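This report goes through selected local features of one protein model. Please keep the sequence and the structure in view while reading.

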Amino acid sequence: MDKVAVVILNWNGEEMLGRFLPSVVEHSREEGVTVYVVDNGSTDRSVAFIENEFPEVKLIRLNRNYGFAEGYNQALARVEATYAVLLNSDVEVTREWLTPMISYMDNHPEVAACQPKILDQNYKEYFEYAGACGGFIDRYGYPFCRGRILGSVEKDIHQYDTVIPVFWATGASLFIRLDEYKEVGGLDGSFFAHMEEIDLCWRLKSRGKEIVVIPQSEVYHVGGGTLKKETPRKTFLNFRNNLIMLYKNLPEQELRRVLFIRMIADYLAAFVFFLQGNGQNARAVYKARREFRKKRADYQKLREENLDRMRKPEIAERWKQSILVAYYLRGIKKYSELIQ
């Protein structure tokens, strides 16, 4: 059995694999580490490219595009390892990137998952939007990061180089104990993409497991390689999946109030999109809320299971205030200002 399985999910990503797979192969040559590429039903030349150029990489071929979440579930069911790294195909890794995470996880059995510091591949002195230096959410389900609050991304001047507990670790480079991943049911395949790693981490946290960021490991992420920022499809998935995540995981005493506030905030967001001349994204928000109402009952059993297995209803890394109020009304743009 492998010590670490580095698992890259690919869908029509020959160009990304050509750019970034060499760094993964080169810097993952440690004993007990195997690199996998999981092809999610690609129609380009990805499979032939991997077979011809990277024969040392293990290839798992899926029969169709299962999306990010279910694609990883399908892949990890075929992998045997102590740890798995869910690594985006548009990530450049650095020398010995795995070593700090392996060492920390080996010595902290209470920690189920971690992530490295995520920097922007195009502007390497800045944190990357999707994960930065560890993720949090506010009371109403809005994610933010150490190094990125809403649309404001900080420059990395080593201000966040300590290992700390976080609420969620990014799916762009998620290092996780494989048995813990499977024990909580993996990623929610119905999400397809977006928010699935936060939902997974919420389940782990509420069941008493810890998640940390280990900035001594660094990777560079392009970001937005599959769905560009603020496309209607991405807006729909983010809003819908965020509501489903809240419904699945919120303690009973908070559910009605939080969903009521989110209804107001979501319709306000749709109105802002409309004022900006972005009618497609406005409609995507309405569509997401309609889909949530339609499918809410389908998640009742999962909600009951999550509440039944909950050991920590109060999670310290879930910020008890509103990040929207902090950002737009109080002018807080940096994580360091937020914690002060």
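The model is predicted: local features need pLDDT of at least 70, side-chain atom pairs count only at pLDDT 80 or more, and totals for chains, interfaces and linings use all residues. Residues are numbered from 1 along each chain as its sequence is written, and side-chain values use heavy atoms, with hydrogens and water left out.

**Aromatic rings**

A pair of aromatic rings is described by the distance of the centres and the angle of the planes. Rings of Phe, Tyr and Trp (its six-membered ring) pair if their centres lie within 6.5 Å; planes under 30 degrees apart count as stacked, over 60 as edge-to-face and the rest as tilted. Twelve aromatic pairs turn up in a search of the whole structure. Two of them are edge-to-face, as tabulated here.

| Pair | Centre to centre | Angle between planes |
|---|---|---|
| Phe68 and Tyr72 | 5.0 Å | 70° |
| Tyr327 and Tyr328 | 4.9 Å | 80° |

Phe68 and Tyr72 are four residues apart in helix H3 (residues 67–76), so about one helical turn separates them. Helices (H or I, at least four residues) and strands (E, at least two) are DSSP runs, numbered from the N terminus. Both Phe68 and Tyr72 are buried; buried means under 20% relative accessible area, exposed over 50%, and partly exposed in between (1.4 Å probe, protein chains only). In the other tabulated pair, Tyr327 counts as buried at 10% relative accessibility, whereas Tyr328 counts as exposed at 59%. Elsewhere, ring pairs join Phe127, Phe136, Phe144, Tyr160, Trp319 and Tyr335 into a cluster.

A charge sits over a ring if NZ of Lys or CZ of Arg is within 6 Å of the ring centre and within 35 degrees of the ring normal. Lys333 has its charged end over the ring of Tyr327, 3.6 Å from the centre. The charged end of Arg289 is placed over the ring of Tyr267, 5.5 Å from the centre.

**Helices H7 and H8**

Helix H7 (residues 232–249) and helix H8 (residues 252–275) have axes that come within 11 Å and cross at roughly 170°. H7 is therefore roughly antiparallel to H8, the term for angles over 145 degrees. Axes are lines fitted to C-alpha atoms, for helices over the stretch in contact, and angles run from 0 to 180 degrees between N-to-C directions. Residues making the contact (heavy atoms within 4.5 Å) include Phe239 and Leu243 of H7 and Leu259 and Phe273 of H8.

Phe260 is also found in helix H8 and is partly exposed, with a relative accessible area of 47%. The C-alpha atoms of Phe260 and Tyr140 are separated by 9.8 Å, although the two are 120 residues apart along the chain.

**Ser322**

Ser322 is buried, at 16% relative accessible area. A polar atom of the Ser322 side chain lies 3.3 Å from the backbone nitrogen of Leu324 and 3.2 Å from that of Val325. Leaving aside neighbours within four places in sequence, Ser322 is in contact with Asp138 and Tyr140.

**Positive phi**

Most residues other than glycine have a negative phi. Glu96 has a positive phi near 55°; Glu96 is in the loop between strand S5 (91–93) and helix H4 (99–107) and counts as partly exposed at 46%. Ala132 has a positive phi of about 45°; Ala132 is in the loop between strand S6 (111–120) and strand S7 (135–137) and is buried, with a relative accessible area of 0%.

Technical notes:
A polar contact is a pair of N or O atoms within 3.5 Å; within protein, one must be able to donate a hydrogen and the other to accept it, and residues adjacent in sequence count only if both atoms are side-chain atoms. Angles under 35 degrees count as roughly parallel, over 145 as roughly antiparallel, 65 to 115 as roughly perpendicular and the rest as oblique.
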